[in-house]
Amino acid sequence: MDDADFREFVEVRYGDLLRTAYLLTGSRDAAPDLVHDALLKVMRHWRTVDEPMAYVRRAMVNERTSRWRRIGLRELLTSVVPDRAGPDATDVVAVRDELLAALDRLPARMRAVLVLRYWEDLSEADVAATMGCSVGTVKSQAARGLTRLRAVLHPPAGRPAVNGELTGERA
């Protein structure tokens, strides 16, 4: 593949990469930076890349993990969504924000598994190949991640979710 192929790939797939980066980072500001950093690293090896989308996804996951290790987790305070009579546009936004806040409190590797598996709709084998781990690791990280999300999004009766509750164990 040559430089023109790289340019065309970026033009066609940038939106998809940006959405994935947003889900990996949880930040509209950090997502473009993640995509750009990953594309810069991929550009050096572009001529040897067989599957560009998988290669760039892996570069984004690796870059996000590196950043997470450098700066660590940050605790986000969110308000509790009030009881509601029926869905409306604000409810959808509130639920999305609550989910993104919960995702942001997961360790980077667990979050990457959930994003690749359930947002990108990759198979367990594809996620394992993208992340450079075993299928068993993908399965266990997905199961643990979903359990943690459920605990935060739907805490047991009488016990509210505690900020930072997800950060006690690192994957």
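This is a predicted model: local features need pLDDT of at least 70, side-chain atom pairs count only at pLDDT 80 or more; totals for chains, interfaces and linings use all residues.
1. What I'd look at on screen is where the partners come from: Phe-6 sits in helix α1, while Trp-46 is in the loop between α2 and α3, so to speak a link between distant parts of the chain, 40 residues apart.

2. Phe-9 is in helix α1 and Trp-46 in the loop between α2 and α3, so the pair ties together parts of the chain that lie 37 residues apart in sequence. Phe-9 is buried, like Trp-46. The count of aromatic pairs comes to two, and Phe-6, Phe-9 and Trp-46 form one aromatic cluster.

3. Phe-9 turns up again in the nonpolar core. The largest such core has 40 residues, and the members touching the most other members are Phe-9, Leu-17, Leu-39, Met-60 and Met-131. Seven helices each supply at least two residues: α1 (3-25), α2 (30-44), α3 (52-71), α4 (89-104), α5 (108-119), α6 (124-131) and α7 (135-153). Helix α1 gives the most, with eight residues.

4. Which residues does Leu-17 touch, not counting residues up to four places away in sequence? The list is Phe-9, Val-35, Leu-39, Met-53, Val-56 and Met-60. Phe-9, Leu-39 and Met-60 are also among the core members with the most contacts to other members.

5. Now the charges. Side chains of opposite charge can pair when their charged atoms come close. The count here is six salt bridges, and I'll pick out a few. Arg-13 and Asp-16 meet through their side chains at 3.4 Å, N to O. Both are in helix α1, three residues apart, or about one turn of the helix. Asp-16 also bridges to Arg-19, where the closest N and O atoms are 2.4 Å apart. Asp-16 and Arg-19 are likewise separated by about one helical turn, being three residues apart in helix α1. Together, Arg-13, Asp-16 and Arg-19 are linked in a network of salt bridges.

6. How accessible is that network? Arg-13 has a relative accessible area of 28%, so it counts as partly exposed. Asp-16 is partly exposed at 25%, and Arg-19 is partly exposed at 45%.

7. Another salt bridge runs between helices. The side chains of Lys-41 and Glu-63 meet at 2.6 Å, N to O, linking helix α2 (Lys-41) with helix α3 (Glu-63) across 22 residues of sequence. Are the two partners buried or exposed? Lys-41, at 39% relative accessibility, counts as partly exposed. Glu-63 is at 7% and counts as buried, because the cut-off is under 20%.

8. Leaving aside neighbours within four places in sequence, Glu-120 is in contact with Asp-16, Thr-20, Arg-57 and Val-115. Asp-16 is the residue that forms salt bridges with Arg-13 and Arg-19.

9. Last, the area around Ala-31 and Tyr-22. Ala-31 lies in helix α2 and is buried, with a relative accessible area of 2%. Its contacts, leaving aside neighbours within four places in sequence, are Leu-18, Ala-21, Tyr-22 and Thr-25. As for Tyr-22, the charged end of Arg-28 sits over its ring, 5.1 Å from the ring centre.

Terms used: Residues are numbered from 1 along each chain as its sequence is written. Side-chain values use heavy atoms; hydrogens and water are left out. A nonpolar core is a set of buried Ala, Val, Leu, Ile, Met, Phe, Trp, Tyr and Cys residues joined through side-chain atoms within 4.5 Å. Buried means under 20% relative accessible area, exposed over 50%, partly exposed in between (1.4 Å probe, protein chains only). Helices (H or I, at least four residues) and strands (E, at least two) are DSSP runs, numbered from the N terminus. Contact means heavy atoms within 4.5 Å. Rings of Phe, Tyr and Trp (its six-membered ring) pair if their centres lie within 6.5 Å; planes under 30 degrees apart count as stacked, over 60 as edge-to-face and the rest as tilted. A charge sits over a ring if NZ of Lys or CZ of Arg is within 6 Å of the ring centre and within 35 degrees of the ring normal. A salt bridge is a side-chain nitrogen of Lys or Arg within 4 Å of a carboxyl oxygen of Asp or Glu.
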